[in-house]
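Here are some short notes on the salt bridges and on one residue's surroundings. Please read them with the structure open.

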Amino acid sequence: MKRKRLLSSHYMRNSICSALLGIFCVSLPSSLFAEDLYVEVQSVKLRSAPKAWSQPTEEVRYGDKLTVLERIEPWLRVRSEKNLEGFIHESAVTVRKPLGTTADVALNKVHAADVVLAGKGFSDQVLAEWERSNPQVKMSLVDDMEKRSKVPLSEVVAFIKKGDLNLGEKE
Amino acid sequence: MKFIRAIHVLLLLSIVGCSGNRSTLRGFGEGVVEAMPGHERKTFEVADSQMTGEEEYWLGKAVAAQIFSKFPPSNDGTLTAYVTKIGQTVVGASERPTIYGGYSFQVLKSDGVNALSAPGGFIFVTEGLLKLARNEEDLAAVLAHEVGHIQAKHGIASIEQSHRAKGKSNGDEVLSALTCVQSLQLLAAAFDGAIKDVMNTLLEKGYSKDQEYEADAIAQKILTRAGYSPLGLAEMLTRLHEQKQGQGGLFSTHPAATDRLNALGLPLGATATGVSSVRDARFNRTDRS
């Protein structure tokens with residue numbers, strides 16, 4: 001009887017160990033194989049669902065690191081540095097860590113010349129230099145165009161709904 | 001794109017002269033840069049041969065400014081707002097909905113029938129084109145075609161082709177005279193050359209036939225996904241065909257409408273189907289006269 005109880009407790013221990021091992025293995029992909037990507041656009045809001053017109057949540061900015069939790073192509077479920085989760089379209093991220101930003105230069109994190117010279121290529125500094133040589137161009141018109149085009153998401157969604165267009169649910 | 005790569009290499013080489021310190025190059029992919037005195041040593045990944053979305057944006061912004069120097073913006077803010085909402089709708093259905101600075105739309109004061117897209121998401125349509133459109137589907141088709149050019153990065157491709165030869169012949173000359181101050185000027189010069197290439201493609205030379213067909217094919221997919229009639233593009237192409245040929249703008253820079261319809265497998269005279277009355281009503285409320 002005692003031996004039977006011992007066998008039984010041994011069997012239980014093994015079962016618990018196997019179960020724990022199983023749980024560990026299931027959680028392995030997200031912990032060991034988590035992929036880091038970087039935001040490649042000036043700013044974008046994460047979405048609550050993998051749809052273009054779903055509810056926006058946290059805003060992430062150029063250079064922010066995101067950890068990929070799941071891929072639902074072309075969307076990625078990610079976790080931000082603030083530990084918040086949401087969806088982002090794959091067109092907004094890059095695997096390459098961005099070079100120093102103008103904000104970094106302002107904060108004296110990197111030397112401006114290093115940023116310019118280290119292969120950042122065409123940048124706001126280059127545009128400003130080009131503008132100095134082309135004073136006739138009216139950049140304010142482009143700024144106005146950009147400003148006017150930033151239509152709130154709610155207005156575009158209302159436009160789509162009223163026009164009986166596709167919000168993505170039919171895909 | 002070899003030219004862009006050459007610029008990156010030249011800039012890295014110039015750092016040696018700038019800092020007076022040792023600089024190590026490890027191929028085209030990355031570089032270790034000794035910082036200037038008083039600054040930490042920094043390691044940067046050097047941009048590869050592909051132009052980044054950020055570079056595309058700054059270039060496109062300058063191209064947009066050049067377009068405004070040729071065509072002023074329309075005074076009708078309501079019309080531009082309407083075009084913008086259609087544009088944002090088709091962008092949401094594209095495969096590249098999120099780009100560095102987002103997409104921007106503008107109606108231009110011009111009777112010519114034209115639509116243009118600069119790299120980085122700057123899209124323009126002329127008042128003349130808006131007069132030609134008969135419903136919202138037509139406008140959506142034009143905007144989806146322009147988004148197609150941006151999605152496929154056709155504007156950037158035009159720089160690649162034109163600078164392949166020039167970059168090689170100018171390289172030695174530029175390298176020998178390079179200083180720190182000149183490096184920014186060198187980039188600005190390359191920038192200026194790239195702007196001219198894109199402007200030449202947009203206004204004079206046009207994209208290749210294959211690029212136009214690709215943009216049409218992308219537009220078809222976008223329109224279907226967005227919920228617009230996929231025949232809207234065919235309808236607009238038919239309208240273009242019915243316009244008297246031999247005009248400038250879109251007629252001189254695009255393949256014949258009949259060839260584009262053939263490539264899409266659609267007949268001349270096709271009309272958009274399933275157009276909602278609400279879309280028709282809001283289109284008719286716009287003043288396109």
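1. Start with K131(B). The model is predicted, and in it K131(B) is partly exposed, at 35% relative accessibility. Its partner is D111(B): the two form a salt bridge, with the closest N and O atoms 3.2 Å apart. D111(B) counts as exposed, at 61%. The pair links distant parts of the chain, 20 residues apart. D111(B) sits in the loop between β4 and β5 of chain B, K131(B) in helix α4.

2. Chain A has a network. Salt bridges with shared partners join E70(A), R77(A), R79(A) and E85(A). Over all chains, the whole structure holds 20 salt bridges.

3. One bridge crosses between chains. K61(B) and D143(A) meet at 2.9 Å, N to O. K61(B) lies in helix α2 of chain B, D143(A) in helix α5 of chain A. K61(B) counts as buried because its relative accessibility is 9%, under the 20% limit. D143(A) is partly exposed, at 35%.

4. R225(B) and E95(B) form a salt bridge at 3.3 Å, N to O. They are 130 residues apart. R225(B) belongs to helix α8 of chain B, E95(B) to the loop between α3 and β4. Both count as partly exposed: R225(B) at 25%, E95(B) at 47%.

5. Look also at T286(B), in the segment after α12 of chain B. T286(B) is buried, with a relative accessible area of 15%. A polar atom of its side chain lies 2.5 Å from the backbone oxygen of F283(B). Leaving aside neighbours within four places in sequence, T286(B) contacts L79(B) and Y82(B).

How values were computed:
Residues are numbered from 1 along each chain as its sequence is written. Chains are lettered from A and ligands numbered from 1 in the order in which they are written. This is a predicted model: local features need pLDDT of at least 70, side-chain atom pairs count only at pLDDT 80 or more; totals for chains, interfaces and linings use all residues. Side-chain values use heavy atoms; hydrogens and water are left out. Helices (H or I, at least four residues) and strands (E, at least two) are DSSP runs, numbered from the N terminus. Buried means under 20% relative accessible area, exposed over 50%, partly exposed in between (1.4 Å probe, protein chains only). A polar contact is a pair of N or O atoms within 3.5 Å; within protein, one must be able to donate a hydrogen and the other to accept it, and residues adjacent in sequence count only if both atoms are side-chain atoms. Contact means heavy atoms within 4.5 Å. A salt bridge is a side-chain nitrogen of Lys or Arg within 4 Å of a carboxyl oxygen of Asp or Glu.
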